[in-house]
Amino acid sequence: MYTADNVCFKLRDYADMSDFTNTQLLPSCQTALAWVNARLKSGVDENDPLILTTAVALAHYFFFICRLSDPDKYESYKVGDVTVRKEPLKLFQIENELRRQAIADAAPILKDCEFYCRGR
């Protein structure tokens, strides 16, 4: 059975997570693992690596959402003659797509307990 510490350890493999402490990451890891565990199909092996993979991807998303209010993360800044800008909406769209893909990839182990309808 995976723990939030396992999720946190794997989450630190992401390059953009290296500057954060386990204390900062752990709440998102706990939330993500709880989300996955609450939706597991009956009979799924509690040590299935897909559980950990999915929880790590969701923890990354949840941590991103928590940091949206951090003003330093999204302001532009200069590095020499180059100005670096980050666009929160574009970054959110990327994170949201990664979250959706992780959930889709986990379909073999997750219950289909939500309804999604997308219009054109």
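Colleague: How much of the chain counts as buried?

Modeller: In this predicted model, 31% of the 120 residues of the chain count as buried. The accessible surface of the chain comes to about 8,200 Å², and 54% of that surface belongs to carbon and sulfur atoms.

Colleague: Which elements make up the chain, and in what order do they run?

Modeller: The chain has five helices and two strands. From the N terminus on, the order is α-α-α-α-β-β-α. Among contacts between residues at least 6 apart in sequence, 65% join residues at least 24 apart.

Colleague: Why is Cys8 called buried?

Modeller: The cut-off for buried is under 20% relative accessible area. Cys8 has 2% relative accessibility, and therefore counts as buried.

Colleague: What makes Cys66 exposed?

Modeller: Exposed requires over 50%. The relative accessible area of Cys66 is 54%, so Cys66 is exposed.

Colleague: How do you know that Cys8 is in no disulfide?

Modeller: A disulfide is a covalent bond between the sulfur atoms of two cysteines. The criterion here is a pair of cysteine sulfur atoms within 2.5 Å. The structure holds zero disulfides. For Cys8, the nearest cysteine sulfur belongs to Cys29 and is 4.3 Å away.

Colleague: What makes up the largest nonpolar core?

Modeller: This core has 24 residues. Those with the most contacts inside it are Val7, Leu11, Leu25, Cys29, Val36, Ile51 and Leu110. Helices α1 (4–11), α2 (22–38) and α3 each supply at least two residues of the core, and the largest share, seven residues, comes from α3. As for Leu110, its contacts are Trp35, Val36, Arg39, Leu40, Lys41 and Ile103, not counting residues up to four places away in sequence.

Colleague: How do you know that the span of helix α5 agrees with its number of residues?

Modeller: Helix α5 comprises 18 residues, 88–105, and at 1.5 Å a residue should span 26 Å. The end C-alpha atoms of α5 are 25 Å apart, which agrees.

Colleague: Which residues of α5 are buried, and what covers them?

Modeller: Glu95, Asn96 and Ala102 are buried in α5. They cover an arc of only 120° around the axis, and therefore lie on the same side of α5. What covers the buried residues of α5 includes α3 (49–67).

Definitions and conventions: Residues are numbered from 1 along each chain as its sequence is written. This is a predicted model: local features need pLDDT of at least 70, side-chain atom pairs count only at pLDDT 80 or more; totals for chains, interfaces and linings use all residues. Side-chain values use heavy atoms; hydrogens and water are left out. Helices (H or I, at least four residues) and strands (E, at least two) are DSSP runs, numbered from the N terminus. The expected span of a helix is 1.5 Å times one less than its number of residues. Buried means under 20% relative accessible area, exposed over 50%, partly exposed in between (1.4 Å probe, protein chains only). The arc is that of the directions from the helix axis to the C-beta atoms. Contact means heavy atoms within 4.5 Å. A nonpolar core is a set of buried Ala, Val, Leu, Ile, Met, Phe, Trp, Tyr and Cys residues joined through side-chain atoms within 4.5 Å. Accessible areas come from the Shrake-Rupley method with a 1.4 Å probe; for residues, only the protein chains shown count as cover.
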